[in-house]
Structure formats: structure tokens, C-alpha cells
Amino acid sequence: MKKNGVHYNKQKLIKMLSLIVAIIIIIFAGEIFYDNLLSKNVKIKDKKIATTYSSNGSMEIEKYENVPEVKDEKIVSNKNNKINNNKELSKDKQVNSKKDNEENLDKNKEQVSDKDNIDSNKDKEESVDKKIAYLTFDDGPSAIVTPKVLDVLKAYDIKATFFVLGKNVEENPNIFKRIIEEGHGIANHSYSHNYKQVYNSVESFTEEIRKTNETIDKVAGKKMNTKAFRFPGGSFEKKKEYKEAVKNLGMEFYDWNCLNGDAEGHNVSKESLVEKVKKTAGNQKKLIILMHDTNAKITTVDALSETIEYLRDKGYEFRILE
Ligand SMILES: [Zn+2]
């Protein structure tokens, strides 16, 4: 029994070992198969991640480069569906991946070059972008103040822009002609400056501008082709239709980003007029300075020399709006 028992046990042991070996082989084979499946899934997932990220910056490209080489035909590209050779596929994949990376790099380059363009434009602007001051006088021409303004401008050899009213051009034709003769800019500021009339409707608004341009040409005795307009009271809260009406006339409107405050009362002191210009000019490179040349604005003339000297000393060049 003992011998048999041993013999029996030996046979049983061999059977069991065989079974264990068989199980191990099955498990091992199964694992290889499963691994293969799993790895494809992982790679699909990675590819998706990589694709998502690769449309963005350099960090994403780095991630893209780390994506394992994919051997699944479907993943590589629809173009490669006919290719079955894994080697070729992986080669193609490398090409694709390289191409994608190049595209991404190109994209980055584009972004960089866009940035460069912006920078260079900025540089260009900054080099060209001198400090410019546009002195503008509204509501004239007037019989007393406008000639005095012209005298000061002449003394400094500076050109300004006069936003004239059609009715005042008709009233003071010779002063208006002097503005033109002395090389200043002529701009349109409506005919009547009467808010109720000007802003009664788009039609009346357009007519105010048109009539003023007509008066300008008539008094000047030549076609002035006036392009600049300023809304009485500024464009700030004006309806879109009015702004479009200006454009439809082939004109541009200008507000201001600096002022002497001469509209804030009668006979505002010379000191406060100059101070207001300094304060509102700040560090702006381009200044459109609002002033008035109606007969009531005599202190504007008084403050003009000091205002010009201040701006000149700050490095501003004087230009006209046309
Ligand atoms: Zn005005």
C-alpha cells in the first residue's frame, strides 16, 4: 500500500504538475492576448489625449512626442487604411507625428510671428508715434477772438484746426478766409449749433453738415473737401444713426482727449485754463485739445501762449486734423 501509495502519489503529482503547467501556459497566453488588447486601448486613449493637447502650445507638443507609437491602422489616419504592414504603418505614424509636430511648430511660429508683427508694428508706431498735439478751436469764426488766436498761432508758427459753424462763416467771411490763408485746418461743427435743430432728426443733422460744407466752399471760393466733423456737445452720447450719417457723408468725427475748460464758465482764469490742459493732457502721446474761439472766450487767447509753450516743452509737435 505504501509503495502503491507512493506510486499513486507520484502519478498524482505528475498529473497535478502538468495541470499547473497547463494552467500557467493558459494564463500566460491569455495575459499576452489581454495585454495586446489593453495596450491598443491605452494607445487609443493616449492618442486622443495627444490630439487634444497638440493643438496648443509647446508643452502640448512635448506631450505629443511622448505618445507611444501606435500600430493600429485606424488610429494612424484614414489615408493609411490600405497599408497593412506594421512596419510601414509605424513609419507612417512617425511621418504623421513629425508632420503634426511640424504643423504645430508652424502654428507656434505663426503665433510668434503674429506677436512679432504686433511688436514690430508697435515699435514702428512708437518710432513714428511722436508726441502730437492738435489744437482745436470750436464755434467760430468770431470777429474779436479768432483774429487774436490767429495772431498767437502765427507768432509761434503753429497750425491749428478750426471747427467752424456754417452760420459764423457766413457772418465773418474775411476772418474765415484768413484762417485758410494762414494754413490752418478747416473742420465742420454744424451750421447752427442749436441742439434742438441739429439733433431733431438724422435728416436735419445731415442737412446741418451739408449746408456748412457748402458755405465753407462758397466763402473759401474753392472746393475745400472738408472731412473732419465734430458733434456739437461731442459724439459721446449721440445715437448710432448720427455717427453713421457722418460716415455716409464721407467724413470722420473727432472728439477730444484734452481741454482747457473754457466752456465751463465765462472768463475762466488764464491760470486755470493752462492748468486744465496740463491736467487733462497727462502722459497721452496724441492730444486733441478742445478750446473755443467765440467772442466770449477772450481768456482762451490769454492762456494760449503759455499752453503752446508748455506743450512744446513737453515735446509735442503741432498738427492739424483734416
Ligand atoms: Zn461747439
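Author: A helix here is a DSSP run of H or I with at least four residues, a strand is a run of E with at least two, and both are numbered from the N terminus. The model is predicted. The protein chain has 12 helices and eight strands.

Reader: Where is Pro-141 in that scheme?

Author: Pro-141 sits in the loop between β1 (132-138) and α5 (145-156).

Reader: Which residues in α11 and α12 meet?

Author: α11 brings Lys-270, Leu-273, Val-274, Val-277 and Lys-278. α12 brings Thr-299, Thr-300, Asp-302, Ala-303, Glu-306, Thr-307 and Tyr-310. This contact of α11 with α12 divides into five nonpolar, three polar and four charged residues.

Reader: How do you know that Thr-307 is buried?

Author: Count its surroundings. Thr-307 has 24 other C-beta atoms within 10 Å. The cut-off for buried is 20 or more. Thr-307 therefore passes. Thr-307 belongs to helix α12. Leaving aside neighbours within four places in sequence, Thr-307 is in contact with Asn-260, Val-274 and Val-277. The C-alpha atoms of Thr-307 and Glu-271 are separated by 9.9 Å, and these residues lie 36 apart along the chain.

Reader: What makes Asp-157 exposed?

Author: Asp-157 has 8 other C-beta atoms within 10 Å. Exposed requires 12 or fewer. Asp-157 is therefore exposed. Asp-157 lies in the loop between α5 and β2 (161-164). Its phi is positive, about 55 degrees, although Asp-157 is not a glycine.

Reader: How are α9 and α10 packed?

Author: Helix α9 (residues 202-220) and helix α10 (residues 240-248) pack at an angle of about 35 degrees, with axes 10 Å apart. α9 and α10 form a right-handed crossing. Val-202, Phe-205 and Thr-206 in α9 meet Glu-241, Tyr-242 and Ala-245 in α10. That contact holds four nonpolar residues, one polar and one charged.

Reader: Which residues in the largest nonpolar core touch the most other members?

Author: Ala-133, Val-149, Phe-162, Val-164, Leu-287 and Ile-289 do, out of 44 residues. α12 gives the most to this core, with five residues. Take Val-149. Leaving aside neighbours within four places in sequence, Val-149 is in contact with Phe-137, Asp-293, Val-301 and Leu-304.

Reader: How much of the protein chain counts as buried?

Author: Of its 322 residues, 27% count as buried.

Reader: What share of the contacts in the protein chain with a separation of 6 or more comes from residues 24 or more positions apart?

Author: The share is 70%.

Conventions:
Residues numbered from 1 in each chain as written. Predicted model: local features only at pLDDT ≥ 70, side-chain atom pairs only at ≥ 80, totals over all residues. Contact = placed C-beta atoms within 7 Å. Nonpolar A, V, L, I, M, F, W, Y, C, P; charged D, E, K, R; others polar. Core = buried A, V, L, I, M, F, W, Y, C linked by C-beta atoms within 7 Å. Axes fitted to C-alpha atoms, helices over the stretch in contact; angles between N-to-C directions. Left-handed = near helix turned anticlockwise from the far one by under 90°.
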